[in-house]
Each structure stands twice: as C-alpha cells, then as structure tokens.
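Colleague: I have a model open and would like to go through it with you. Can you start with the charges and then take my questions as they come?

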Amino acid sequence: MIAEATLPSLCNEQDRSPSLPTDSARWAVSRSLAVESEATTSHLLEQEKDTQFDKADIVKVRTIDKQTASIDIGGSLKMLDQQWECVVVGRDDETIHCELHDLSDPDNESEYGEVFLTEFSEYDRPRLKEGAVFYWSVGRLREEHGQIRKFSELRLRPTPRISQAAQRRIAERAKKLNGIFQRSSPGYLPGQ
Amino acid sequence: MSEHQIQQKIISIVLLGDFNPAIFHPQWLAFNELVSKESANVAKNMSCQSEFSAFEIDGMHYQVDQQRFGLTTKDESQVPILLDTVKGILTLLEHTPLQAIGLNYDFRYSMADVQSWDRLGHTLAPKDHWSKLLADPGMAGVMIRGARPEVPAARLDIRVNPIMDGKNGVFIGVNQHYRFDDLDSTAIAQRNERVLNILDQDWRAFCNYALQAANEILRASRLTEIDRDC
C-alpha cells in the first residue's frame with residue numbers, strides 16, 4: 001500500500017453519510033483523525049489548540065471553519081476486559097448494593113455485589129439511589145511507551161433532567177397504560 | 001510470523017438532521033445532568049459558536065454543526081456512556097428533525113511487517129490491471145459499499161486506508177448507515193424513536209460485526225504471498 005498526498009474524490013450531496021471520513025494523506029502526517037462533513041471533504045486543517053475553556057463559563061467567540069476540528073487519536077489504548085451494567089438495589093451509609101449484568105457476555109447470569117460509596121465521585125454519590133445505573137469497567141491500559149496498567153472504573157449512567165411538563169406526560173401515559181394492563185388482567189371485572 | 005497489533009479503536013455515532021449548534025455547550029450538558037458540572041468546567045478543545053460547536057468531556061468528543069451531530073470516543077469502556085448520552089440528548093431535543101444515523105467503528109492497526117502491510121494492499125486492490133496504466137501502483141484507499149440482509153440499515157461502508165506512521169499502519173472504518181426516507185418529513189417523533197430503537201437493538205450486533213469485518217480484512221495480510229510485480 002502507499003499513501004498519497006492527494007485527497008480522495010469528493011462526494012456529492014447525495015453521498016452525505018454519517019461516518020467519520022478519513023484520508024490517507026492525513027494519516028501520513030499526523031496522529032489526528034479528521035472529522036468533517038462528507039459534503040465537503042476538500043478542506044482539512046488543524047483545530048487550533050489554543051482554544052481552552054474558560055472556567056468562568058465565558059465562551060470565546062472566534063472564527064473557525066467547521067471543517068477544521070480534529071480528534072487526537074494518539075496516546076494510550078484502553079483494552080476492556082469486562083464491563084458490567086450495575087443496577088442499584090439499595091444502599092447504606094458506606095456501601096451501595098447492586099445487581100450486576102455482564103455487558104461483555106450477556107449470557108452470563110446476573111450477580112449481586114456491594115461497592116463502597118467512596119469508589120464514586122462526589123458528584124455521583126447523591127445520585128446513587130435505588131434504580132440508578134452505573135457501569136463498572138475493568139481492563140488494561142497500554143500506554144504509548146508500552147507500559148501496561150490495570151484499570152477499574154465506575155461511571156454513573158447519564159440521565160437527562162426531564163422537564164415538569166415531560167414528567168406530567170410520562171405520568172399520564174403510565175397511568176393510562178396501567179389502566180390497560182389492569183383491564184386485561186384475568187381477575188378484572190367490568191366496573192372495577 | 002508475528003501478528004498485527006491494535007493501536008486504537010474509535011467509536012462514534014453520527015446523526016444528520018437540523019441542529020442548533022449554539023446550544024451544544026458543556027454547561028448545557030451539565031445543566032441537563034448529562035455530564036457533571038466538574039467535568040463541564042474542564043471541557044477541552046472547546047469552540048462553541050452559532051454554526052459550529054466542538055469540545056471534549058470525559059473522553060467524549062462532541063462535534064455539532066447545523067446538519068450534523070457527532071459523538072466520538074476512543075475509549076471502549078465509554079461506549080455505554082456514549083449511547084446513553086446520545087439517547088439523553090435526543091430525549092431533550094425531541095423536536096429535532098433527523099434524516100439519518102450512522103454507527104461507526106474504526107480501527108487502527110500496526111501490521112507485523114512491511115510485507116504483510118503490502119500483502120494486505122495487494123489483496124484488497126490487485127495490481128495486475130493497474131500495472132498496465134501506472135508504474136508502481138499502490139493502494140491509497142479502498143471503500144466497499146454493501147448491505148447486511150439481516151439489518152434494516154440502508155447501507156454499510158467499509159474503508160481501508162494505509163497509515164504512513166512508520167509502523168505499517170492500517171485504518172479500517174466500518175459505517176452502518178440508516179436513512180428515514182420511508183417516514184414522512186414531518187414525522188419527527190417517529191424518526192426520533194427509530195433512532196432510539198436502532199441504538200437499543202442494533203448497536204451490539206453492529207460492534208460484533210465491525211470486529212469480525214476488521215479481522216476478516218486483516219486475514220488478507222496472512223494469505224499466500226501475492227507478488228507485488230504480478
């Protein structure tokens with residue numbers, strides 16, 4: 001194989017595809033994966049690295065071509081050995097009790113476990129109520145210079161804040177569905 | 001013969017539709033509890049404007065323009081979070097008109113040696129025809145488009161590119177592309193629901209398929225030697 005310093009032929013609008021396009025020239029000179037709209041694959045520039053976020057929530061307004069962002073794909077590689085989806089079934093002062101579902105091999109039976117609350121970030125702890133879900137990942141981290149380290153990570157499932165109107169809609173729908181289920185249950189008598 | 005080595009996995013979900021990049025800001029995600037406030041405060045590589053927004057939080061790269069939303073991670077352990085985040089954003093932006101979704105799984109490998117690197121290129125793009133047209137032809141990239149009969153995706157693209165990183169690198173990208181042409185353009189809720197169903201039902205099988213596809217392609221580098229000058 002060879003890598004050329006020219007770009008592949010351009011796609012037309014019908015070919016616009018939700019994929020992350022690549023080009024060999026890009027790979028030849030950088031460890032960055034270009035992310036661009038396939039509608040125009042002709043421009044590839046570096047994302048300007050000096051755009052650092054200001055903690056005061058101030059957004060720097062600056063000129064940037066939308067084709068210019070890139071993802072640095074260098075660095076270490078995480079090799080995932082096993083991952084569980086953990087459903088919180090209870091908690092006490094020090095630990096949370098959870099049911100573990102193996103995401104690496106869904107055929108494995110569910111297990112039960114306890115995890116110290118101190119294993120979680122300060123942000124996550126108050127959210128670890130019954131029914132909350134978190135992910136437990138274990139594996140190895142291969143660093144750029146070849147060193148291998150083990151890792152174990154706990155991450156709470158992100159659940160969006162739902163507006164009060166949406167909550168009302170969901171409650172109404174649940175009530176309606178509940179009514180349907182009750183009416184279809186074997187012991188239901190008309191007029192109940 | 002030693003084996004190839006995986007260098008990087010890049011996993012992404014890309015949506016096409018009509019987006020408002022201006023609202024895609026780390027603090028908006030924090031306000032809606034999709035990321036922690038602490039993480040939002042240390043977002044990296046941030047550029048948020050009315051027509052384009054990009055930043056990185058907790059190993060997740062967000063990129064949004066007016067026609068395209070992309071969420072990418074190179075950390076395999078973050079994949080469930082990636083899926084949950086896309087679902088969460090769609091829940092919040094339930095009135096966003098969507099046109100297509102792409103599931104993407106990309107791989108970077110280092111081949112064991114330059115011979116297997118060349119062999120892969122020769123197998124995927126045989127040179128016998130090209131040799132009549134060009135001196136010293138070499139594969140600079142291949143994309144094959146097809147479908148998987150058992151999957152309702154519109155098409156599947158597999159790309160293979162060489163990586164000139166001095167490590168006999170190869171990029172393999174798998175894109176499973178869905179379109180919603182069968183739904184009326186005003187059926188926003190149905191399109192939204194379709195995306196959620198795809199993420200729930202097709203994602204795992206897609207990942208398994210992408211891994212199999214990458215392995216199958218790399219097998220070409222182990223096939224019997226094909227003479228470069230054939």
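**Charges, salt bridges and folds**

Modeller: In chain B, the mean positions of the 22 positive and the 30 negative charges lie 3 Å apart. Lys and Arg count as positive, Asp and Glu as negative, while His and the chain ends are not counted. Each charge is placed at NZ of Lys, CZ of Arg, CG of Asp or CD of Glu.

Colleague: What should I know about the model and the numbering?

Modeller: This is a predicted model, in which local features need pLDDT of at least 70 and side-chain atom pairs count only at pLDDT 80 or more, while totals for chains, interfaces and linings use all residues. Residues are numbered from 1 along each chain as its sequence is written, chains are lettered from A and ligands numbered from 1 in the order in which they are written, and side-chain values use heavy atoms, with hydrogens and water left out.

Colleague: Which residues are linked in a network of salt bridges?

Modeller: Lys78(A), Glu153(A) and Asp75(B) are. Lys78(A) pairs with Glu153(A) at 2.5 Å, N to O. Lys78(A) lies in strand 3 and Glu153(A) in strand 7 (residues 148–156) of chain A, so the pair ties together parts 75 residues apart in sequence. Helices (H or I, at least four residues) and strands (E, at least two) are DSSP runs numbered from the N terminus.

Colleague: And where does the pair with Asp75(B) cross?

Modeller: Asp75(B) forms a salt bridge with Lys78(A), with the closest N and O atoms 2.8 Å apart. That pair crosses between chains, from the loop between strand 5 (68–73) and helix 3 (79–92) of chain B to strand 3 of chain A.

Colleague: Is Lys78(A) buried or exposed?

Modeller: Lys78(A) is buried, at 15% relative accessibility, and Asp75(B) is buried too. Glu153(A) is partly exposed at 24%. Buried means under 20% relative accessible area, exposed over 50%, and partly exposed in between (1.4 Å probe, protein chains only).

Colleague: Switching to chain B, what does helix 4 pack against?

Modeller: The buried residues of helix 4 of chain B pack against strand 8 (155–163), strand 9 (169–179) and helix 6 (203–219) of chain B. Helix 4 covers residues 114–124, and its buried residues include Trp117(B), Leu120(B) and His122(B).

Colleague: How are the two chains built overall?

Modeller: Chain A has 2 helices and 7 strands, in the order α-β-β-β-β-β-β-β-α. Chain B has 6 helices and 9 strands. Buried residues make up 38% of the 192 residues in chain A and 59% of the 230 in chain B.

Colleague: Last one: which residues form the negative surface patch?

Modeller: Asp92(A), Asp93(A), Glu94(A) and Glu114(A) form the patch. Patches take residues with over 30% relative accessible area and no salt bridge, joining like charges within 9 Å and nonpolar side chains (Val, Leu, Ile, Met, Phe, Trp, Tyr) within 5 Å. Asp92(A) sits in the loop between strand 3 (77–91) and strand 4 (95–102) of chain A, and is partly exposed at 36%.

Notes
Areas by Shrake-Rupley, 256 points an atom, 1.4 Å probe, with all protein chains shown as cover. Salt bridge = Lys/Arg side-chain N within 4 Å of Asp/Glu carboxyl O. Contact = heavy atoms within 4.5 Å.
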